[in-house]
Structures are given as C-alpha cells and as structure tokens.
Amino acid sequence: MTHGKTQVAVVGAGHAGIEAALATARMGLDTVLFTMNLDAVGNMPCNPSIGGTGKGHLVFEIDALGGEMGRSADFVTLQSRTLNTGKGPAVRSKRIQADRMAYRAKMKQVIEQTANLRLVQAEIVSLLTEGEGDERHVTGLVTSLGTPWQAEAVILATGTYLDSRVIVGEHAYASGPDGMLPAKGLSENLRELGITLMRFKTGTPARIHKKSIDLSVLERQDGEEVITPYSFYTDKAALNRIEQIPCHTAYTNEETHRIIRENLHRSPLYSGMIQGTGPRYCPSIEDKVVRFAEKERHQLFVEPTGADTDEMYLQGFSSSLPEDVQMAMLHSLKGFEKAQVMRTAYAIEYDCCDPTQLYATLEFKAIGGLYGAGQFNGTSGYEEAAAQGLIAGINAAKKLKGEAPLILTRDSSYIGTLIDDLVTKGTNEPYRIMTSRSEYRLLLRQDNAEERLIGYGREAGLISEERYAAFLARQEAIATEIKRLNRTTVSPSEELNALLTELGTAPLTSGMKLADLLRRPQVAYGMLAPYDPERPSLPDEVVYEAEVQIKYEGYIKRQLAEAARMAKLAEKKLPKDLDYSSLEGLRLEARQKLNKIKPADIGQASRISGVSPADVSVLLIYLKMGE
C-alpha cells in the first residue's frame, strides 16, 4: 500500500503497541506502527524486569496466544527466579531480570523483519472519524507534521506519553519517560471526540553506578538453578547455559525514614503539585513511610539493568522528592554511603482513558474501529500492556476480516480477568494484575497456559501447526501418565513406610494407587521413583502438570463447576441498545451503571459495581419476557 494509507495504525511502540502491531501484521493486515522515537521502541523506562506475581502468568498467556513478549524476554534474561515456590502452584510466578537495551534492540529487530509491518517515527496529534452517533467510526489519523494517514482501524497504545509531565520536588516540566518528548495535542483531540480521560501518575527510582555501591554488605540474591523459559520457542538448554547475574537486597532504616518525614513538605505528593492518582501496589518510598509508619524498615532490591552497563536499579525506592533529599535518603542506606546517582528518581503524570468506554474486545463503544491498549487503558506494568495490545490487535484484525471477535473469559485466563475488570468495573488508579484478582486461580496456572489458550492463538493464525502438534503430543503424554498413576499400585515396604513416616504421613498397610499416594500433600512425584520401576522417562513439564492435576483434582473440579455456572449466565445476552432507565424494578444506581457499561450478558452485568443480585433478577425477568 502507498505511504499515507494502511489497514491498521498503531499509535505507540511500547509493549502494548508492539504486540498489537505484530498481531495484526502476522494476521495478514497491512500495519503501520507509529512511535515518537525509534530509539524508544520496546523501552523499559521503569523496572528492568518482566514477570512477577500474576504478571508472569500474563507472559505465559501472551506466548500461548502467539505473542512476542516471552520469546524476547527469554532472549535477554540476566537472571530468572520463580516467586512463591513455597506456596501452591496457583500463585507461583516467574520473574526475570532483563537486559533493557538488548530487549529494545531485539524488539525493534523483530518489528523490522515482520512482513506487512512498517515502523514510522511520527507524533500523532489527532484522529479522523466519519459518521454520527452509533455509526461513527475511525478513518485515520494525522501526524504533528500535518500528514494524514488513512486507516480502517486505529489502536491507541500511548503509554505514559499523553500530555505527560515529569515532577521532581518543586520542579515540573513537560516530558515523556526517560527524557523523551511528551505527546501534545492528542489528549485535546480525544476529548473533542467525546472520550473521557483520567490523570494518572507513576514513578521510578534513581539509577545508581554499580561501582559506588558496597555490594559486600548487602544480601546476595542468586537466580534459580533450572530456568523454565517463558516461550515454547526458546531453547531451554541454551537458556540454562547463561551465566546469571546476581541481585542484592538492601533495607531502609530509621535515619532514612527521618529524612523522608522531615522533608514531606517538599514532596509534590503532599504539596498538591501532583494531581494524578498513583498505583496503590507500587507506592513511592515516601508514601510507604507515611502509610506504614509502624514499619522499622522497607526491603529494597538492587538490580542490574544490563550485562554491559554499571547502571543499577533500586527497586522499592521510587520517589519524587527533591534531588538533594533523594541523595540524603540514598546515602543513609547501608552500602550506599558513597552512592553516585546516574539518573534522578522522578514521578510522571499522564492522561489515560476511562476503560469502561471500551467493549471487552478493547474497541471503543462510541467510535467503531478505535481500540485502546496498555497504560492508555489505566493499567500499570509492561505485562498488562502487552496482554492488552495482543488482544486489541487480534480483535482489530478480526473485525476487518469480518470474523467473530476474541473475548477471553475470567475462567480462561488472567488476560480475561484483567480486561473484564477494566471494562466492567473501571479503575480509579493504575491497575495491576495480581493472582488475588482471580476467583479461578487454580485453573489459571503458569504451567497450563497453553492448554487454556493455544486454541485461540491457532484460530487467529498466530500459532504454527508445528507448535500445535507439539502441544497435542505433550497433552497426550500428560494424560497417559495420569492414567498410569491411577492404575499402578504400590505395595507396602519397609523402605517406603520409613519414607512416609519421615514425611509425617501414615505408612501403608496395604497396596495403594500411586495417584492416591501422590494426593497426600507431603508426597512428591520424584520421591516415589524407587517404588515405581515402570516409570517412563518424561520431560519435566509433563511430570509437573500430571502431578498438579492429580494433587489438586478435587479443587480443580470445584472451580470448573463454578466456571460452568458463570458460563450459563454469559449465555444470556443483553441487547446493545437496551435503555436500562426504562426497566421497572432496577435501582437508580443500577440503571446508571448499566447504561454506562452496556454489559454484553447477564454475567458481566452481575460483576458491575452497584448492580445487586435483585437488579440481576430484574434483568433475568426482562429476558424471560422477551423469549
């Protein structure tokens, strides 16, 4: 296609924009990815990590759908750890330290080598639309140089650039993250189009020169011995040959807290200079000291930002206090008495949209063909952004192809949970995914992301037949091993009973199926090898999945039953054009919320804040009367 015309235009080449553009291009649509700066593609302006509690689940899910983040994250891994290993499989989450410069280079390379995809440096200042009311749809966009581009679909993935402002102490100036230019003009245009915007805030800690830190007095934190890759495509053996770089832990102390408390009057958080709402689950250090005044110390993590740089990230020490206060705080930490700051910590305010204006496809209800993704939708975090970008891209492509949209349910994925929370409940602060947000945690484990989602990725054309065949073979191996464990009996023996007694569980008095023995919390699959002579040699992932399915079979069945009950409510569709103010029996708050959200079905209606079970009953009666 000619310059100035494309099928899909993606605004912003951060984590959301990258996944959106790659998805539409790989699905065969001509795509243009616009970025403010080609050197900021795939930038990690905050923490140099990918994954973490709940977030690691998202990365596995992105890979299972055919997205890119996990693949590139494996490629730039400096250290890998699995969090919550002492807890159940539902909350175990992988997190890596990433080489942020290598990640940017890798993602830019992937984009440049993808067919149907053009990468263009330009600032977008306005959207073009046609039609009125329900018929209004996007037709293109305009750059700051006045160049119009025709587009059949537009995906907004503007990150923290929209009318963004950096704040340090008493100083504030227009800027994007990492000293990049802010996006000016687009916010005003979006408001003119009737889109409601919110003002959010996030922040980042200082970057410190490694040689100025006395690491010898800090606690060393090494990576795990065996690394499980995020992506199916990653060579596991090669990944496990990397030399992992250690992290370290440090702590604040009473002197640090004193410095902060004595300078709170200079904090833009408390002076009123910062108007945006910050993330509750990732507060600045001054916010933590105020909110948790009883705590004597807060843990900090010293993390590398790359293999070829001495720039270190101090996780947990985010701040917007003046520079001189930041230096005093930093030098009060053990091991940081002579620390040299390379980049000063700052807060950044930016515009984002109210996500309740979106359908679960991430398309705007008021403007057809216009999609939102990432921090533009009110979330925080690279992983949340990438997940939304992938879904927005898939759905934009499906719409232009005339195919049914992809709407993931809460019981299918954390991606489905994330999007449903946003479009159904909205958010009044930067939203972060956590395992506690899901009522189906045991169904949504890292280890079964492919089982849950690969079919959707294959149907969209993002999963190769080779990968799908490998998935089917693995599923068959898991099922076969579960059957074998359920039919194989182990007899009592002196050695086995000694082991069981040592584990604190009852010895055997007669034969028992291996599966029943495995259901005991104290017993692990590997322990039973000496008493299971016919055991086949199986890959680690097959063994892990088989063991989890056996151990948690009862819990999994209960959650599946609850998911089936909610699926029946989702089958009861509500008309898009239903005027809820005309329904007798609904409370005023429910009418207002239902008219704003326009839920797709009874299930979604029941999850709207302010809609009671009595209101749901009214909706069910309405549908019954219409049958």
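This is a predicted model: local features need pLDDT of at least 70, side-chain atom pairs count only at pLDDT 80 or more; totals for chains, interfaces and linings use all residues.
Me: What makes Cys352 count as buried or exposed?
Reply: Buried means under 20% relative accessible area. Cys352 has 0% relative accessibility and therefore counts as buried. Cys353, also with a value of 0%, is buried.

Me: Why is the pair of Phe232 and Tyr233 called edge-to-face?
Reply: Ring centres must lie within 6.5 Å, and planes over 60 degrees apart count as edge-to-face. Here the centres are 5.3 Å apart and the planes stand at 80 degrees, so the pair is edge-to-face. The model contains six aromatic pairs by this rule.

Me: What makes Arg71 count as lying over the face of Tyr233?
Reply: The distance limit for CZ of Arg is 6 Å from the ring centre, together with an angle within 35 degrees of the ring normal. Arg71 lies over the face of Tyr233 at 4.1 Å from the ring centre. Elsewhere, the charged end of Lys94 sits over the ring of Tyr230, 4.9 Å from its centre.

Me: Why are strand 3 and strand 4 described as standing at the edges?
Reply: The strands in question belong to an open sheet of three strands with the order 3-5-4 and antiparallel pairing. Strand 3 (49–51) and strand 4 (77–83) each have a single partner strand, so one side of each is left without a neighbour in the sheet. Neighbouring strands of this sheet are turned by 20 degrees against each other on average, direction ignored.

Me: How do you know that strand 3 and strand 5 pair?
Reply: Pairing requires at least two bridges. Strand 3 and strand 5 (residues 93–98) have three bridges and pair in the antiparallel sense. Within this pairing, Ile50 stands opposite Ile96 in strand 5.

Me: What makes strand 8 count as largely enclosed?
Reply: Strand 8 (residues 137–143) has seven residues, six of which are buried, so the rest of the structure largely encloses this strand. Strand 8 is joined to strand 7 (residues 124–130) by six bridges, and the two run antiparallel. Ile124 has Thr143 in strand 8 as its bridge partner. Strand 8 also runs antiparallel to strand 9 (residues 148–156), with three bridges between them, and Leu141 has Trp149 in strand 9 as its bridge partner.

Me: What lies between the strands of the hairpins that involve strand 8?
Reply: Six residues separate strand 7 from strand 8, and Gly131 in that turn has a positive phi of about 85 degrees. Four residues separate strand 8 from strand 9, where the turn includes Gly146 with a positive phi of about 85 degrees.

Me: Why is the contact of Asp63 with Arg467 called a salt bridge?
Reply: The distance limit is 4 Å between a side-chain nitrogen of Lys or Arg and a carboxyl oxygen of Asp or Glu. In this pair the closest N and O atoms are 2.8 Å apart. Asp63 lies in helix 2 (residues 55–64) and Arg467 in helix 14 (residues 465–487), so the pair ties together parts that are 404 residues apart in sequence. Both Asp63 and Arg467 are buried.

Me: How do you know whether Arg220 and Asp222 are exposed or partly exposed?
Reply: Exposed means over 50% relative accessible area. Arg220, at 56% relative accessibility, therefore counts as exposed, whereas Asp222, with a relative accessible area of 43%, is partly exposed. Arg220 and Asp222 form a salt bridge, with the closest N and O atoms 2.8 Å apart.

Definitions and conventions:
Residues are numbered from 1 along each chain as its sequence is written. Side-chain values use heavy atoms; hydrogens and water are left out. Buried means under 20% relative accessible area, exposed over 50%, partly exposed in between (1.4 Å probe, protein chains only). Rings of Phe, Tyr and Trp (its six-membered ring) pair if their centres lie within 6.5 Å; planes under 30 degrees apart count as stacked, over 60 as edge-to-face and the rest as tilted. Axes are lines fitted to C-alpha atoms, for helices over the stretch in contact, and angles run from 0 to 180 degrees between N-to-C directions.
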